[in-house]
Amino acid sequence: MFLNFSFANDAIGYIVEGPMDSKAILQLKEEILKKFEEHDQISLYLEDAGIDSFSIDSVIVATLFPHEHMGRFKKVAMVTNRKWIHMLTSVNTFLLGGNFKNFTTENRLEAIAWIAEA
């Protein structure tokens, strides 16, 4: 399940809970692609609010999607306490040179403020 909200026209956030399976990751991907139709670049806030499980498909899509759309993300804030997700975000930062940043759940307000900065 996703709860989405906008910070600005080119910044959107998603709070994700429940299973992160093929259906969920494809829905999230479609939402982001719609935003790309409106803007050349976007900022993205993603929060893990109790994801029950992850399918292999969802991890692969989440890892490859930023590579497929390199240069289209101004900022990506990943809010979770899962260290392996922080590691994937760090790999994307290294490989893509993008502005990806990890935050713990306790620091979600810092993440929101960071995404909202111009």
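Q: Why is Val79 called buried?
A: Val79 has a relative accessible area of 0%. The word buried applies under 20%, so Val79 with its 0% counts as buried. Keep in mind that this is a predicted model.

Q: Where does Val79 lie, and which residues does Val79 touch?
A: Val79 lies in strand β4. Leaving out residues up to four places away in sequence, Val79 touches Tyr45, Leu46, Glu47, Asp48, Phe103, Thr104, Thr105, Arg108 and Ala111. To count as touching, heavy atoms must come within 4.5 Å.

Q: How far apart are Val79 and Glu110, along the chain and in space?
A: The two are 31 residues apart in sequence, and their C-alpha atoms are 9.9 Å apart in space.

Q: What makes Glu110 buried, partly exposed or exposed?
A: Glu110, which sits in helix α4, has a relative accessible area of 44%. Buried needs a value under 20% and exposed a value over 50%. The 44% of Glu110 falls in between, so Glu110 is called partly exposed.

Q: Thr105 is in a loop, so why does Thr105 count as buried?
A: The loop in question runs between β5 and α4 (108–116). Thr105 has 16% relative accessibility, so Thr105 counts as buried. Residues up to four places away aside, Thr105 touches Asp48, Val79, Thr80 and Asn81.

Q: How does the reach of helix α2 compare with the expected span?
A: Helix α2 covers residues 56–68, which is 13 residues. The expected span is 1.5 Å times one less than the number of residues. That gives 18 Å for α2, and the helix reaches 18 Å from its first C-alpha to its last, close to the expectation.

Q: Which residues of α2 are buried, and which elements do they pack against?
A: The buried ones are Ser58, Phe65 and Pro66. They pack against β2 (11–20), α1 (22–38), β3 (42–54), β4 (73–79), α3 (83–96) and β5 (100–103).

Q: How many helices and strands does the protein chain have, and in what order do they run?
A: There are four helices and five strands. Starting at the N terminus, the order is β-β-α-β-α-β-α-β-α.

Q: How many of the 118 residues are buried, as a percentage?
A: Buried residues make up 37% of the chain.

Q: What share of the contacts with a separation of 6 or more comes from residues 24 or more positions apart?
A: Such residues account for 72% of those contacts.

Technical notes. Residues are numbered from 1 along each chain as its sequence is written. This is a predicted model: local features need pLDDT of at least 70, side-chain atom pairs count only at pLDDT 80 or more; totals for chains, interfaces and linings use all residues. Side-chain values use heavy atoms; hydrogens and water are left out. Helices (H or I, at least four residues) and strands (E, at least two) are DSSP runs, numbered from the N terminus. Buried means under 20% relative accessible area, exposed over 50%, partly exposed in between (1.4 Å probe, protein chains only).
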